[in-house]
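Please take a walk through this structure with me.

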Amino acid sequence: MASIETKTAYGFRTRLEGTSLEEAVERATAALKEQGFGVLTEIDVKATLKEKLDLDYRPYKILGACNPQLAHRGLEAEPELGLLLPCNVIVYEDGGGSVVSAVDPKAMLGVVDNPALEGIASEAEERLEAALRSL
């Protein structure tokens, strides 16, 4: 079991020592699934920066995670919410291990002035934190 290593104003993260990027992505995807999230998109930042800018960058992926039930409830309360979906989870290699970070839904949805989203954001935050802790 991992712990939440750092919590920032917009996310939280944990570190997986001795874990490659691919293994961390597999573990994160499985942990997200246990919390009701599917990964809709996977962006390979390293490959994109190499292709578009001919830059070498560390192994780094952005996973677009979505919990359909929470997304549906949020969209019913706020149709423009799709601008803030899905919840991004990043995985990158960093000095002998990998870091897995998730956006804080409460911070993200805090830009929307709609009290109906507060409970949805809290539930999403709890589920994302549980996924990271389970790594």
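Start with exposure: a residue is buried under 20% relative accessible area, exposed over 50%, and partly exposed in between, using a 1.4 Å probe and protein chains only. By that rule aspartate 54 is exposed, with a relative accessible area of 56%. The model is predicted, so local features need pLDDT of at least 70, side-chain atom pairs count only at pLDDT 80 or more, and totals for chains, interfaces and linings use all residues. Residues are numbered from 1 along each chain as its sequence is written, and side-chain values use heavy atoms, with hydrogens and water left out.

Stay with aspartate 54 for a moment. Find it in the loop between helix H2 (45-53) and strand E4. Helices (H or I, at least four residues) and strands (E, at least two) are DSSP runs, numbered from the N terminus. The phi of aspartate 54 is near 55 degrees, a positive value in a residue other than glycine. Most residues other than glycine have a negative phi, and most peptide bonds are trans. Which peptide bond is cis, with omega near -5 degrees? The bond from leucine 85 to proline 86. Proline 86 sits in the loop between H3 and E5.

Now look at the aromatic rings. A pair of aromatic rings is described by the distance of the centres and the angle of the planes. Rings of Phe, Tyr and Trp (its six-membered ring) pair if their centres lie within 6.5 Å; planes under 30 degrees apart count as stacked, over 60 as edge-to-face and the rest as tilted. The structure has 2 aromatic pairs. Tyrosine 57 and tyrosine 60 make a tilted pair, 5.9 Å centre to centre, with 55 degrees between the planes. Tyrosine 57 is partly exposed at 33% relative accessible area, and tyrosine 60 is buried at 17%. Tyrosine 60 also pairs with tyrosine 92. That pair is stacked: 5.3 Å centre to centre, 10 degrees between the planes. Tyrosine 60 belongs to strand E4 (residues 60-66) and tyrosine 92 to strand E5 (residues 87-93), so the pair ties together parts that are 32 residues apart in sequence. Tyrosine 92 is buried, at 13% relative accessibility. Tyr57, Tyr60 and Tyr92 form one aromatic cluster.

Next come two helices. How do H3 and H5 run relative to each other, roughly parallel or roughly antiparallel? The axes of H3 (residues 68-77) and H5 (residues 118-133) come within 10 Å and cross at roughly 160 degrees. These axes are lines fitted to C-alpha atoms, for helices over the stretch in contact, and angles run from 0 to 180 degrees between N-to-C directions. Angles under 35 degrees count as roughly parallel, over 145 as roughly antiparallel, 65 to 115 as roughly perpendicular and the rest as oblique. H3 and H5 are therefore roughly antiparallel to each other. Which residues make the contact? H3 brings Leu70, Arg73 and Gly74, and H5 brings Ile120, Glu123, Ala124 and Arg127. Contact here means heavy atoms within 4.5 Å.

Leucine 75 is another residue of H3. It is partly exposed, with a relative accessible area of 34%. Beyond its neighbours within four places in sequence, leucine 75 is in contact with Leu81, Gly82 and Leu85. Asparagine 114 lies in the loop between helix H4 (105-109) and H5. Asparagine 114 is buried, with a relative accessible area of 16%. Setting aside residues up to four places away in sequence, asparagine 114 touches Ala77 and Glu78.

Leucine 128 is in helix H5, and is buried at 0% relative accessible area. Phenylalanine 12 lies in strand E2 (residues 11-17), and is buried at 2%. How many residues apart in sequence are phenylalanine 12 and leucine 128? They are 116 residues apart, and 9.1 Å apart in space, C-alpha to C-alpha. Leaving out neighbours within four places in sequence, the contacts of leucine 128 include Phe12, Leu32, Phe37 and Val89. With residues up to four places away in sequence not counted, phenylalanine 12 touches residues including Ile4, Val100, Val103, Leu128 and Leu132.
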